[in-house]
Amino acid sequence: MQVNLSSFGFFWVLFTFFHLIELIVPNLQKDADAFVGYCPGIQAFEIMAIAAVGNNLITYVFNDLHFSLPKSANTVTNFVGTIFLLSLLGGFLSDSYIGSFWTIIIFGFVELSGFILLSVQAHLQQLRPPKCNMRTEGNHCEEARGLQALIFFLALYLVALGSGCLKPNMLSHGADQFSRDDTKQSRKLSSYFNAAYFSFSLGELFALTVLVWVQTNSGMGLGFGVSAAAMALGLGSLICGFTFYRNKPPQGSIFTPILQVLVAAITKRKSVCPSKPELLHGSQPGSPNINSSMAVGNLLPTARFRFLDKACIITEDGMTRKENPWRLCTVTQVEQVKILISVIPIFACTIIFNTILAQLQTFSVQQGSIMNTQLTKNFKVPPASLQSIPYIMLIFVVPLYDAVCVPFARRISGTESGISPLQRIAIGLFTATFSMVAAALIENKRRKMAAFSDKQISIFWITPQFLIFGLSEMFTAVGLIEFFYKQSLAGMQSFLTAVTYCSYSFGFFLSSFLVSLVNKISSGKSHKGWLSDNDLNKDRLDLFYWLLAALSLLNFCQYIFWSRWYSYNPSLDPTHLHKLHKEDAECNSRSSADGTVL
């Protein structure tokens, strides 16, 4: 029966994956080959490799390198935070100087070298301290120092550098294969993001089950080696499609035109904006852009942040002398800066969402460790494997959502993606609240049973909080990336995609701050704080979960405000773009007909 179930699961994965490919490939011609080489390879294999290391790193640092428990925890959190912060570097280098494909290749091999070095250290005893049981002889165990510590941190941060710079470029490189000027290809872009998230879920699931099992039962040396092999396979699949990719060239520094707008607006702060936007420099059809890094056609002027429009005012000296880009900017440059300012509140609203994610990777796993983990007489569920629950669900839900829900919603709303990215984020943020509600209710039940009957409830009682959050992540994470990508012009897609990953870092940092703040406020002379004790039966984790549920609900309410406040630039509004494409097509058909008559 186990063989039949595993075979069914394997074939379901193949079926759903190729179904997603089938939805995206038609009408893409040679770009279909690029997508087939890209999505199942680098996206799934890279997350498989990095997740296997990150989720079990604290075990290696504590048991093999003999770092203290606080130092081990800090090592892991610093590693994860660094990965997401370095995504900004990867996005900047890609958009400004290297391009997404070569950024992936260069930093992919950097990450691969880190995995190999970790595997070598874990395999060779002379590169690690003498074996010692930290739980029983912790005070007498020799900690890794000198060359041993140097090799470890060098390997670890090579992985962080490579993974951080890869993350935004994997998504943007795949999305670049779809032309926004082609209506048929543009309609497939949302399906692409769904397929990319499906690959992400598949890689996470494999890492949290198979690779963690390999590390636990066969040693960290082999486990890190498998991560290196997975990374090599991902790079190989990417390189195989090299000749088919649509590679967008770098556009120069992405920060220069932003600074030019700010400097020009401040310099001309005493000027009065014209009442007619047509008088602004670059608002006329066919007007050239001064700085090519934002040139992808002209954006229409909008009424928001009118102060910045002063950068487009043509002064008298500007009519006689050569235009100075630090004194005179185009409407397109100014509108891109307006977009960057406008998306900040949308980005900020996802930080609380990732704070909830941090609880599922820490306190919820700790919950599971003191519950009944017995599945059969001979098998116990590893608490860390609870994180695989959402991904088991998502490999079924994502294809069904793309195949059934999106076409149905598209017929109702008339939107290509079924629902807009902002609506998708809203659904995810609202759903995340119920993840913490479920967690609080179950923790209260578990705590009462442990206190009054000395019984352990089954670990599967905390499954709902993982399932609900997994569903909310499918909406929020994918919606945020799609929103940022569609609101950026050529030359900024990778960087804005990287900005979305910073939400993870800020969410984890906010989690640490909230834990410290809650402990300080809730503690008193006669009692400890909600989370001050190492025993969850004495802590009030349920109250902390209720606090996060309340913060999540308030965060959702403010998101509704900011999403209503946000307005698309007409040039980037999908409805406007499709209307223009339709008018161009009608114009071309009339021209062809006239030519035939002549």
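How many helices and strands does the protein have? The protein has 21 helices and 2 strands, where helices (H or I, at least four residues) and strands (E, at least two) are DSSP runs numbered from the N terminus. This is a predicted model, in which local features need pLDDT of at least 70 and side-chain atom pairs count only at pLDDT 80 or more, while totals for chains, interfaces and linings use all residues. Residues are numbered from 1 along each chain as its sequence is written, and side-chain values use heavy atoms, with hydrogens and water left out.

**Overall picture and core**

- Of the protein's 598 residues, 52% count as buried; buried means under 20% relative accessible area, exposed over 50% and partly exposed in between (1.4 Å probe, protein chains only).
- Take the contacts (heavy atoms within 4.5 Å) between residues at least 6 apart in sequence: 83% of them join residues at least 24 apart.
- The largest nonpolar core holds 141 residues, and Phe152 and Phe544 touch the most other members. Such a core is a set of buried Ala, Val, Leu, Ile, Met, Phe, Trp, Tyr and Cys residues joined through side-chain atoms within 4.5 Å.
- Leaving aside residues up to four places away in sequence, Phe152 touches Leu57, Tyr60, Val61, Leu65, Phe67, Thr75, Leu118 and Gln121.

**Helix α6 and its partners**

- Helix α4 (residues 100-123) packs with helix α6 (residues 146-175) at an angle of about 150 degrees, their axes 7 Å apart. Axes here are lines fitted to C-alpha atoms, for helices over the stretch in contact, and angles run from 0 to 180 degrees between N-to-C directions.
- That angle makes α4 roughly antiparallel to α6; the cut-offs are under 35 degrees for roughly parallel, over 145 for roughly antiparallel, 65 to 115 for roughly perpendicular, and oblique for the rest.
- The crossing of α4 and α6 is left-handed, a label used if the near helix is turned anticlockwise from the far one by less than a right angle, with right-handed used if clockwise.
- In the contact of α4 with α6 you will find 17 nonpolar, 12 polar and 1 charged residues. Ala, Val, Leu, Ile, Met, Phe, Trp, Tyr, Cys and Pro count as nonpolar, Asp, Glu, Lys and Arg as charged, and the others, Gly among them, as polar.
- With helix α19 (residues 493-522), α6 crosses at roughly 125 degrees, and the axes come within 8 Å. This makes α6 oblique to α19, and their crossing is right-handed.
- On the α6 side the contact uses Lys167, Pro168, Asn169, Leu171 and Ser172, and on the α19 side Gln493, Ser494, Thr497, Ala498 and Tyr501. By class these are 4 nonpolar, 5 polar and 1 charged.

**Helices α14 and α17**

- Helix α14 (residues 351-361) and helix α17 (residues 421-452) cross at roughly 35 degrees, with axes that come within 10 Å, and the crossing is left-handed.
- Phe353, Ile356 and Leu360 of α14 meet Gly428, Leu429, Ala432, Ser435 and Met436 of α17. The contact has 6 nonpolar, 2 polar and no charged residues.

**Individual residues to look up**

- Most residues other than glycine have a negative phi.
- His66, in the loop between α2 and α3 (69-98), has a positive phi near 65 degrees and counts as buried at 4% relative accessibility.
- Phe305, in the loop between α10 (256-267) and α11 (316-320), also has a positive phi, near 55 degrees, and is partly exposed at 30% relative accessibility.
- Asn63 lies in helix α2 (residues 30-63) and is partly exposed at 33% relative accessibility. Its C-alpha atom is 9.9 Å from that of Cys141, 78 residues away along the chain.
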